[in-house]
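Welcome, and please bring the model up in your viewer. We will go from one selection to the next and look at what is there.

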Amino acid sequence: MNLAEGVQIVSFGILSVMMIAGALGVVLFSNIVYSAFLLCGVFTSIAGLYLLLNADFVAAAQVLIYVGAVNVLILFAIMLVNKREDFRTIPNAWVRQVATAVVCVGLFALLGTMVVSTPWAIVATTGSPAESSIVTIAKHFFTDFLLPFELASVFLLMAMVGAIVLARRDFFPDELSKKLSETPALSLPERPRELVSAGDVSSPESK
């Protein structure tokens, strides 16, 4: 085993441990803000695994889109909504836990079977070098998959607008609910401001 292969194995082990630990933290932590930050670490670890596979464009897209856009959008939604509610006892909660455990075990078994049954031997290829992954993906993005690519950006924008609307609803007291219900559906009224009397404003004449 040469040095380059050893570095790749060690890097793969470190990134795998980071990704698994971060994913467990996302699920097990009760603080949703900590879970969102750990999700950022999971996305970064996946980008490192893409780099080990020589998928430079996919790794850059993972960092730019998931870490820089999706994860930041999740953090903004958490901070804007800021719902503080106590945990309530759910009747028959064990049914959900058992169903979740069955789904997780099934996914783990499916992935394990795929890993074992997939031939991982590297076959040396001869001939002209393959085309860059950036060029190939760009061709598919702007020809075959142009519509799904644009729809994904529209969905992200809709999620951000929905988070802002949910956050601004908390600014209005209950006595204004009737007035707000009479406003058009497409308008977003501003938060009422307090009026300051003229006597409270200090002026040079009063001094």
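Rings of Phe, Tyr and Trp (its six-membered ring) pair if their centres lie within 6.5 Å; planes under 30 degrees apart count as stacked, over 60 as edge-to-face and the rest as tilted. With that rule, a search of the whole structure turns up four aromatic pairs.

Start by selecting Phe43 and Tyr66. Their rings make a tilted pair, 5.2 Å centre to centre with 50 degrees between the planes. Phe43 sits in helix α2 and Tyr66 in helix α3 (residues 56-81), so the pair ties together parts that are 23 residues apart in sequence. Helices here are DSSP runs of H or I with at least four residues, strands are runs of E with at least two, and both are numbered from the N terminus. How buried or exposed are these two? Phe43 is buried, at 12% relative accessible area, while Tyr66 is partly exposed at 39%. Buried means under 20% relative accessible area, exposed over 50%, and partly exposed in between (1.4 Å probe, protein chains only).

Before moving on, a note on the model. It is predicted, so local features need pLDDT of at least 70 and side-chain atom pairs count only at pLDDT 80 or more, whereas totals for chains, interfaces and linings use all residues. Residues are numbered from 1 along each chain as its sequence is written, and side-chain values use heavy atoms, with hydrogens and water left out.

Next, select Phe141, Phe142 and Phe149, which ring pairs link into a cluster.

Now go to Ser35, in helix α2. Ser35 has 8% relative accessibility and counts as buried. Its side chain reaches the backbone oxygen of Val26 at 3.2 Å. What does Ser35 touch, leaving aside its neighbours within four places in sequence? Show Gly25, Val26 and Phe29, which are in contact with Ser35; contact means heavy atoms within 4.5 Å.

Finally, zoom out to the whole chain. How many helices and strands does the protein chain have? There are seven helices and zero strands, giving the pattern α-α-α-α-α-α-α along the sequence. Of the 207 residues in the protein chain, 14% are buried. Among contacts with a separation of 6 or more, 55% join residues 24 or more positions apart. The chain exposes about 17,200 Å², with carbon and sulfur atoms supplying 70% of it; accessible areas come from the Shrake-Rupley method with a 1.4 Å probe, and for residues only the protein chains shown count as cover.

Methods. Polar contact = N/O pair within 3.5 Å; in protein donor to acceptor, adjacent residues only side chain to side chain.
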